[in-house]
Amino acid sequence: MLPPVNVYGKKVLNVSSDTINIPVFFRTFNIKMTINVSHILPDANIWSDVACPLQTRPSYVKITNYAERKSAGPEPGIFEVAMSISVFFACLLCRLLRGAARLLHRGGTAMPGRFALKLCPGLLRVLARNVQTVAITGTNGKTTSARMVEEAFNEAGLDYFANRSGANLISGITTEFVLNSTLTGKPRKKYAVIECDEAAARRVFGELRPKVAVVTNLFRDQLDRYGEVTHTLENIREGLKKTPDTVLCLNADCSLTSSLSLDLPNRCVFYGIDGTAAKSRTKPEISDATHCIRCKTEYEYEYVTYGHLGGFYCPKCGYARHRADVAVTDIVEHTADRSTAVMDVHGVRKVVTVNLPAVYNIYNAAGALTAAVEMGVPADTAAAALGAFKCGFGRMEKFDLGAGGARMMLIKNPAGCNQVLDFLREISDSFTLAVCLNDRSADGTDISWIWDADFEKLRDMDRRVKKVIVSGDRAADMLVRMKYAGVPEEKLSMETDYEKLLDELARRQEPVFIMPTYTAMLELREHLIKRCGGAEFWE
Amino acid sequence: MELKICHMYPDVLNLYGDRGNMICLRRRLEWRGIGCEIKRLPIGETASLADYDMVFIGGGQDFEQQVLLEDLHRGKDAEIRAAVEDGKTFLTICGGYQMLGNYYETHDGVRCDFIGAVDLYTVGSDTRMIGNYKYRCLPESGGSVVVGFENHSGKTYLGRGVSPLGQVLSGFGNNGEDKTEGARYKNVFGTYSHGPLLPKNPELCDYIIKTALTRKYGSAELAPLSDGAEELAHETMADKL
């Protein structure tokens, strides 16, 4: 009995010595291939072994990667024809569904891709083959980093597309590729900037085979969905295993992320913040990675930037922070609107202004810069882009609301939330805070993380906190959290109607900061855009 | 009056907002003018549990479990067993709750010895019991309704002489089979409920405080607090389930 194989993502019915039966569109094609089936590895994925671009060389498909690499040229024809038909109809379906969604004023970002993939499971791989992609994954900072890379591409005049809407599962990514290809699957643009969910990375990376992949960091996040942070790390590792030629840009300061370099053959480039630019020398109180990923001994730290990020080392096995190729050596300015940092970019000193506040955005900037350089953008061009960069979509996004304006700062997990609170602590303004907590599946149904986030920090800024309003599906839980964090009762209130909430915020004299979870951000943005203008989420 | 609380393994057993239980205990004691001292006891450090009135152990990741068990088996396990028999108040959640039991058996039959302070054991399963849930405490544990969030794949079964903390009204509880949730043995309160447990369930929180104070001072009356926000959060979730 021969081992089961997949061809073009389809389960092959049976394999005999020279033919493969593959179901396409309710019919089974007998495809004659002169391959020696004894060389097919168990569970081999022939689709992943077809190393030749379908469109450019349709007459010849090289099959490699068998036990003895006995490549053979199967007869041209029906194999490609079947696939081309499949790609064509999948692309067509995807576009039709997208059009229909837009008629109904829906985003239509993920659903069309989902159906297209059902029709043609290998679709993304075909479409991504001739596109030079930079893929960004990790717990926090994916969207911001992707936007920064985009800005660098813009500055460099590269022709690219991106999954800007936040649809970062395989379905949404596929939709984006379909929209940027012809119906026959030829790419319309040369480059792509793709944000990829860390749980989806396992499947996406092998299909996408990006030229460059950035892993920003790993923190505990939506435990009900992702499970332990080490599981997330494993997902990413499994995904990257399928694409050994991808250059990895890794956060050197995150012991979890940088451990990817230990057992993957890929070329790795590291970025991070050096000890010279870090303030804290003490071990973090709350850490998502206390013990060595290799030998489970407790880490020691030379310095800490935030969470478990910093100059870690294992006293037992010697696993330690890798020297950063792109290193932030000094942070010279830090305001409510931007930071200026000195970076050592592959040995060249550069002063980089990041047009966004907060330390975590310096990390995002360093990661984006590293990736852009690997994609061939000159370092100076990428650095200039960071200074002109304007983020949106709930990440430090500005709205013209009330006398002092409003900024929306998405919160998703304790590490990210603590970073936002640190940002508030460092500015000097008085402010009103609105925290909107939802527990839908995209937010994570388990909201216990709000107790791991250090809202007690608000007590240190008590004089500047003018009002705290809680909102969202789980507003009452947030109310309790704020009460126990020590926010005085007279400053604390609850308003679950977004229109009324915005009315109240618009009346405030001081700047307003809104901290919503993901789905609350989507809803609030809609209301805000109606009032203050701005772009729809898919634009 | 004062309560001394030992928070065991805050460095690794801190997965699901367990900090919130400590914040809650501290605040509710302070609001009543009762002293509260919380000692963090991370892996590698030692302290005599006899010096404390209450011990809290939270839930954690599998990744650090082995390090944790090594530390426990260096003598802390015997001390915990003695403290339990001595009637000290324990609040243990999820992984911490399982750890007080005799053992954990993975679904492929590998057995891992735990503390053995309470006669219960846990068996790993393939399905994750996850979601918001609700249970009613037995009268001996105050009788209040508790809402929380459970997320475990281990199924826990109680031995004779150990009663459940409550009866499941909605959700899975100990094992998704017998409607029991958590365990109560002497002054040990064990539960799968994080969320975290205490802030949203002030009645249970006060009942546990009272148990510890009574053990220490012979009797305890707690002044009522205004629990408007807590009750609202509790009711909002209780109504949904």
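This is a predicted model: local features need pLDDT of at least 70, side-chain atom pairs count only at pLDDT 80 or more; totals for chains, interfaces and linings use all residues.
## The six-stranded sheet

Let's step back to the sheet around that pair. Chain A has an open sheet of six strands with mixed pairing, and its order reads β16-β17-β21-β18-β19-β20. At the edges are β16 (395–399) and β20 (492–494) of chain A, each pairing on one side only. On average, and with direction ignored, neighbouring strands of this sheet are turned by 20 degrees against each other.

A helix joins the picture here: α18 (residues 518–532) of chain A packs on the sheet and touches β16, β17 (406–409), β18 and β21 of chain A. The direction of helix α18 makes about 145 degrees with that of β21(A).

## The nine-stranded sheet

Chain A also holds an open sheet of nine strands, ordered β6-β7-β5-β8-β9-β10-β13-β14-β15, again with mixed pairing. Because β6 (160–162) and β15 (348–354) of chain A each have a single partner strand, one side of each is left without a neighbour in the sheet.

Val345(A) has Val348(A) in β15(A) as its bridge partner.

This sheet has a helix to look at too: α5 (residues 142–156) of chain A packs on it, touching β5 (132–137), β6, β7 (191–195) and β8 (212–215) of chain A. The direction of helix α5 makes about 165 degrees with that of β7(A).

Notes
Residues are numbered from 1 along each chain as its sequence is written. Chains are lettered from A and ligands numbered from 1 in the order in which they are written. Two strands pair if DSSP finds at least two bridges between them. Helices (H or I, at least four residues) and strands (E, at least two) are DSSP runs, numbered from the N terminus. Axes are lines fitted to C-alpha atoms, for helices over the stretch in contact, and angles run from 0 to 180 degrees between N-to-C directions. Two residues are in contact if their C-beta atoms, placed from the backbone, lie within 7 Å.
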